[in-house]
Amino acid sequence: MSFILPQELNKIILMLFKSYYEKAELELPDDMELREFAIQPFGKDTYVRHLSFSSPLELRNFIIENLPLHLFYSTAKYQIPSAKEMDEKGWMGADLQFDIDADELCEVRKINFCPVCGSKVDGEKCPKDNVETVEFTEITSDCINKALENALIIKDILKEDFGLNPELYFSGNRGFHVYVRCSGDCALLDSEDRKEIVDYIKGIGVPKYSSALPTDPGWAGRKAKGIQGVILDEEVTIDVKRLFRIPNSIHGKSGLLVRKIEESNFEFSTSLSPFSGYVTFLPYISGKFQILGENIEFSRGVPIKLDASIGVYAHLKGLGEVKLYVR
């Protein structure tokens, strides 16, 4: 017996995504004609890459016809971004990207369960129904806030110690991206150069500064404040041909927006969703869950009315299926 998760089939989810992208104002780089674009379509495990667009309208028309579960552009700039082979694209430099995931910083609750019978299962297959299990990772507001603290430290280091102008984005799911739009020498940094920046941010090789004060600049002041280093995904930063989630696009694993954060007063809540109204949600599992900062209790097979933002999030996490949408 095969079981396909409903996010690959559900017409309500498809309708909501399409309706959003018909009017969405995506944040695109000024040099978008030099960027490779990529999408992961609904119902596919692979990306469609090597796409190139010369205007926001051209991109909008494409994604409405080819609805994306995930949407990206390259951190790198290329002479021929649509070339099918990477060595034929003509690399011209790349922006700097730093990735911070909340579940790498916190003890998170993970649940494996069978989407058919609702039983919790140890392993990747349900022995009773012979289907793949769903793994749900509960991201709490406290955990997201811890990731935000790390992201703000990275932003401070890049600005104060390197003289860069970093921007901070919520990833749309469980963490943050710190992004630097590079030109000149910054853009031409190779993987080894970027690894040195990562090591510096992680506090590797930084002196202890035993007599430093919190008001001192650089790592001296940070050490005095108790900051020892930052945890981040270094592979994202050292890769000079990485993809970047397009700001104001929808993250297909949560239904939340990739969003630029201007201030540190970020809240992990339903405000991050572009969807309003209500849904009827049919849970696959019974239990209590924290979703977007709210405590929700599900009874397997018993429909429940939820804010659309919470229902879509729970649906895309595999906890159940959206059955009805009311605007």
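This is a predicted model: local features need pLDDT of at least 70, side-chain atom pairs count only at pLDDT 80 or more; totals for chains, interfaces and linings use all residues.
Reader: Which elements do the buried residues of helix 1 pack against?

Author: Helix 1 covers residues 11–23; helices (H or I, at least four residues) and strands (E, at least two) are DSSP runs, numbered from the N terminus. Its buried residues are Ile12, Ile13, Leu16, Phe17, Tyr20 and Tyr21, where buried means under 20% relative accessible area, exposed over 50%, and partly exposed in between (1.4 Å probe, protein chains only). With contact meaning heavy atoms within 4.5 Å, the buried residues of helix 1 pack against helix 2 (56–65), strand 3 (68–74), helix 7 (308–316) and strand 17.

Reader: Why do the buried residues of helix 1 count as being on the same side, and which residues are exposed on the other side?

Author: The buried set of helix 1 is Ile12, Ile13, Leu16, Phe17, Tyr20 and Tyr21. They cover an arc of only 160° around the axis, so they sit on the same side of helix 1; the arc is that of the directions from the helix axis to the C-beta atoms. On the other side of helix 1, the exposed residues are Lys11 and Lys23.

Reader: How many residues of helix 7 are buried?

Author: Helix 7 is mostly covered, and its buried residues include Ile310, Val312, Tyr313 and Leu316. They pack against helix 1, strand 13 (278–283), strand 14 (287–291), strand 15 (294–298), strand 16 (304–307) and strand 17. The count of buried residues in helix 7 is nine of its nine.

Reader: Which residue follows helix 7, and what is its phi?

Author: The residue following helix 7 is Gly318. Its phi is positive, near 85°.

Reader: Where is Thr75, and is it buried or exposed?

Author: Thr75 is in the loop between strand 3 and strand 4 (76–78). Leaving aside neighbours within four places in sequence, Thr75 is in contact with Arg35, Gly93, Ala94, Asp95, Gln97, Tyr179, Val240, Lys241, Arg242 and Phe244. At 1% relative accessibility, Thr75 counts as buried.

Reader: What separates the C-alpha atoms of Ser52 and Pro81?

Author: Ser52 is in the loop between strand 2 and helix 2, and at 30% relative accessibility it counts as partly exposed. Not counting residues up to four places away in sequence, Ser52 touches Glu33, Arg35, Glu58, Pro81 and Ser82. Ser52 and Pro81 are 29 residues apart along the chain, and their C-alpha atoms are separated by 6.1 Å.

Reader: Which parts does the salt bridge between Glu36 and Arg49 tie together?

Author: A salt bridge is a side-chain nitrogen of Lys or Arg within 4 Å of a carboxyl oxygen of Asp or Glu, and Glu36 and Arg49 meet in one at 2.9 Å, N to O. Arg49 lies in strand 2 and Glu36 in the loop between helix 1 and strand 1 (37–41), so the pair ties together parts that are 13 residues apart in sequence. At 28% relative accessibility, Arg49 counts as partly exposed, while Glu36, at 0%, counts as buried.

Reader: Which strands hold Glu138 and Arg109?

Author: The side chains of Glu138 and Arg109 meet in a salt bridge (2.9 Å, N to O). The pair ties together parts 29 residues apart in sequence, because Glu138 lies in strand 8 and Arg109 in strand 7.

Reader: How far apart are the closest N and O atoms of Asp199 and Lys195?

Author: Both Asp199 and Lys195 lie in helix 4 (residues 191–201), four residues apart, about one turn of the helix. Asp199 is buried at 18% relative accessibility, whereas Lys195 is partly exposed at 29%. In their salt bridge, the closest N and O atoms are 2.8 Å apart.

Reader: What is the phi of His50, and where is this residue found?

Author: His50 is buried, with a relative accessible area of 18%, and is found in strand 2 (residues 48–51). Although His50 is not a glycine, its phi is positive, at about 60°.

Key: Residues are numbered from 1 along each chain as its sequence is written. Side-chain values use heavy atoms; hydrogens and water are left out. The expected span of a helix is 1.5 Å times one less than its number of residues.
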